[in-house]
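Please open the model in your viewer and keep the selection tool at hand. We will go from stop to stop, and at each one you will get something to select and a note on what is there.

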Amino acid sequence: MRLLVRIGSVLAVILFTAPAAYAQASITGVARDSSGAVLPGVTVEASSPALIEKTRSVVTSGTGQYAIVDLRPGTYTVTFTLPGFNTVRREGIELTGNFVASVSVDMRVGAVEETVTVSGEAPIVDVTSARRQQTLSDDVIAAIPSSRQYFGLTTLVPALNIQGNDIGGASGPIFSVFQIHGGRRNEGQVLVDGLSMGFQGMGVSFYVPEVGTAQEVTFSLSGGLGEAPTGGPQMNIVPRAGGNVFSGSLFVTGANGAMQGDNITQEIRDAGLTGRNELKKLWEVNPALGGPIRRDRLWFYGTFRHQGNRQLVAGMFENRNAGDPTKWTYDPDSSRQAVDDGTWKNGSLRLTWQVTPRNKVNVWWDEQTVCQHCIGGGSRTGLVFAGGIQSPEAHGRTEGFPQRMAQATWSSPASNRLLLEASLGLGPDIQFGGLQKNPYDKTLIRVTDQGGLIPNLAYRAAFWSRPRGLTRVAQGSLSYVTGSHNAKFGGRYHYNDSLGVNFYNDSQLSYTFLNGSPTQLTMYGNHDVRQLVTQGMASLYAQDQWTRGRLTLQGGVRFEHLSAEFPDQQIGPNLFIPIGITFSARDSGVGVKDIMPRMGAAYDLFGNGRTAVKMSLGRYVTPTNSTEAYAAGQNPVSRVALMTNRAWTDSNRNFVPDCDLLNPALNRECGPWSNQNFGKEVFTTTYDPDLLTGWNKREYSWDWTTAVSQQLAPRVSVELSYARRVWGNFQVTDNRAVGPADFDPFTIAVPQDARLPDGGGYSLQFYDVKPAKFGQFDNFITFADNYGKQIYHFNGIDLNVNARFPFALTLQGGFSTGNMTEDDCEVGERLPEIYIPPGGGGTLSANQSTAQWSRTYCHRESGYLTHIKGLATYTVPKIDVLVSGTFQSKPYVGANFPSVASQAIPANSVTGNAAIAPSLGRPLAGGVPVTVLGLVKPGDKYGDRLNQVDFRFGKLLRFGGTRTLVALDLFNAFNTNTTDVYQTVYGPTYLNPASIMAARLAKISAQFDF
């Protein structure tokens, strides 16, 4: 209730001050007379078919300057009128994204009725903003070979680091994160007309945005002022809004297995990958229609999209033993390769209503359904939404229904200087996870074998879950524009309501094997436990842009406040928690507040609008969401230990733990609980109060960018930039139940092996917790600076070229290279457990590694990793034949969380007591038979570069007012078979391919426009 009151209060403030929508393009400049003197009082009018109100007008200030802001993408005509002077008109001004077009004129004395049309180059260099951006227009998106998925476009931006490796969208619209310049996992955000599609504050979600029918897609890369919630990239998809003329399109595409090549060689087969990701079929049907309901007053634009795919899973086969309660092994049936599946449907409608000449309203609704792995499944790579290497029967369903987004926006140019905007966003509202997949999932126990035919394969049964999230966002702004100044004030309130729930088998157990023999079992106490969180994220900002001659200065400040609450909740009763634990409704105690100053400058070097020198500097907090420390992390349910491992020998091979599972100590064939607080009303994790309240406590980065933009020729520009990012306010987990003296060292002799750095042959020291301390946890999360200095820096260079020649040739591309540096040596000296996974008494995050690190890994560098990407489109005149292509050369993608470790290749050795005890002087603590050790320092080993070339060949057919493009796309045209996922368990199969790039794929498509 308190949170609802808080929402109401913030909404009232936002609406009173007229909240903000996403920044759009602007036209600025100066009006002078023929002597060069500035002209105040000139009426400047921008007109375009993109505007339902047809025109927007302002009046030049006392310094002759003007600015027309919040303009939709399109081609504009700018008209300058002043009594006693000729009317001047500039045509063909193309606006994209947040571009600021500089249009200045000289007006001669004469009659107003005389109109002088000035021809000139459309500005392509933004000389008044420090923000860096790249834009893909609708004609470019329609022309290039693309999957028409958002990640098919993010992968073409040189500076962006992308999760996964898309080949023609064969896997469907999968969940894909992206970052820039060493950024955190969730900093890359996908927006639809300014509304984030990220789940509960994340950057992306299950929601599937439409890019094929977008008017344009803009990537904001750096230099955001007060309105920017993140220092990372933002991909804004600007949808079409209809118009005064009925128009529409129909896009269809499809492919099947006969249209895909074969790139698997005998060498790859000999390395154990006997099957590849082979397409069976894919399809997409996407009609769209827009037009007037009432001319100049009410427009509509609606779309429907149905897409799906079925493909064979590389190296994964149906398990002959699936569903058999007497079998405990994975027995692949080589005659039945696993088939994965996905089906996506969505329908959307947008209404644009010009209520009065100064009031415009947009309403948009998008309803979707998703079902993945609902028929088959299986993953050899582990790079799936639910994660993990899984056989078909163990791969749970992933469903999104209901799944929706909606938005209502209002904008009003209240005067020539005042612009008011407000919006209310709904979603993404998603219930995901999946229903129980197999009828035997409740009765069969899931197994993960660390050895076997496929190391770390989970098989036999699937878990399932049905979480859901609801999001509401109210935002808005007031802009005051005088020409020389462009000031903006706004606010935003983001409300999340989330439910998390997991389901396991009736035994609430899973087993871990090594080469078919049990070594460990896992007990789950969170079966059917509802974890509920409501979170509020409030922000206010102010920013100004001041132009003085050729210099433009920008400054802004952003304030953010986090809060969260929890309703009544209960754990159990269930098999391992026989007496339920209840928690009454409570406030989280979170009250962090951040102030983030940002600034920038742009200088028109020669005063001709062709060369700009830019600089930006800003403080940005790392994006957070309802699943992290400031929300779910404070939930009393999540702070109770609801899962524990224990060693298990199964000496009689009956696959039943013959022991008292509720006895936490060693008994019979079961070792002690790895967490002695399992199932107890004891918080095993405590947060430093200094983390949760006060000012400037969240993780942040200072981002510095300098750039030079140069127009080389008409419609041809190049930009060179340098970026440096420095992070701070790192958090660390101190297990206060142990200290440095509670770990015993042991040394492992790494074998000589050409697959290892420098050929192997070195020794590494690792640690094991003392037996008396095994299973003891008292985790305290606090600032890393309390224990020593920690570093995470990025330094890099970007080069981008953009050319749109008048003879139907477009070129875009460039390169990005940079080095990440991580150092936690001082912290690790006092907290050695940060390099040890929880099973060994440590606190190393699984996002970093599932294997223990040597302390010598405390300083890590990625080296300079370089991305080279580009696209080209050309329409042969007279015969209307389209030829286009894209090129990507990028480093090995890795797990992409991102960090030096997750983007490099590890060598994880499953090591037993026989190799450890001679040096340790005893077996591993807790009766654990094996542990996993990392033999390669993160950053020392990377996979091969991924190179991909795609082509499109199309024929344009024109009849009357219609246009049809029939095209053949070739993805991975040169049939490259580079490994994109490697076996990382050290042993005979180490570095063998778990997956290779999908083979050459041909797709036929047709788009009919009218």
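## Starting with the cysteines

Counted along the chain, the bonded cysteines of this protein pair up in the pattern 1-2, 3-4, 5-6. Please keep in mind throughout that you are looking at a predicted model. As a reminder, a disulfide is a covalent bond between the sulfur atoms of two cysteines.

**Stop one.** Select cysteine 371 and cysteine 374. A disulfide joins them, with an S to S distance of 1.8 Å. Which hand does this link have? The torsion about the S-S bond of cysteine 371 and cysteine 374 is about -100°, so the disulfide is left-handed. Now colour by accessibility and look at cysteine 374: its relative accessibility is 18%, and because buried means under 20%, cysteine 374 counts as buried.

**Stop two.** Move along to cysteine 659 and cysteine 670, which are joined by a disulfide with S to S at 2.0 Å. The torsion about the S-S bond is -65° here, and the link of cysteine 659 and cysteine 670 is left-handed. Both cysteine 659 and cysteine 670 sit in the loop between strand 40 (643–647) and strand 41 (685–687), eleven residues apart. Is this pair buried or exposed? Cysteine 659 is buried, and cysteine 670 is buried too.

**Stop three.** Next, select cysteine 825 and cysteine 858, whose sulfur atoms are 1.9 Å apart in a disulfide. With a torsion of about 80° about the S-S bond of cysteine 825 and cysteine 858, this disulfide is right-handed. Show the cartoon as well: cysteine 825 lies in helix 6 (residues 825–830), while cysteine 858 is in the loop between helix 6 and strand 51 (859–861), so the pair ties together parts that are 33 residues apart in sequence. Cysteine 825 counts as partly exposed, at 25% relative accessibility, whereas cysteine 858 is buried, with a relative accessible area of 13%.

## Backbone stops

**Cis peptide bonds.** Select phenylalanine 401 and proline 402. The peptide bond from phenylalanine 401 to proline 402 is cis, with omega near -5°, and proline 402 has its place in strand 23 (residues 398–413). Then go to glycine 572 and proline 573, where the peptide bond is also cis, with omega near 0°. Where does proline 573 lie? You will find proline 573 in the loop between strand 35 (569–571) and strand 36 (581–583).

**Positive phi.** Arginine 148 is a residue other than glycine with a positive phi, near 60°. Look for arginine 148 in the loop between helix 2 (138–143) and helix 3 (150–154). At 8% relative accessibility, arginine 148 counts as buried. Leucine 991 belongs to the loop between strand 58 (979–982) and strand 59 (993–996).

## Last stop: the surface

To finish, centre on one of them, leucine 605, in the loop between strand 38 (591–604) and strand 39 (611–621). Leucine 605 counts as partly exposed, with 31% relative accessibility.

Note on methods. Residues numbered from 1 in each chain as written. Predicted model: local features only at pLDDT ≥ 70, side-chain atom pairs only at ≥ 80, totals over all residues. Heavy atoms only, no water. Helix = DSSP H or I, 4+ residues; strand = E, 2+ residues; numbered from the N terminus. Buried < 20%, exposed > 50% of the residue type's maximum accessible area, 1.4 Å probe, protein only. Disulfide = S-S within 2.5 Å.
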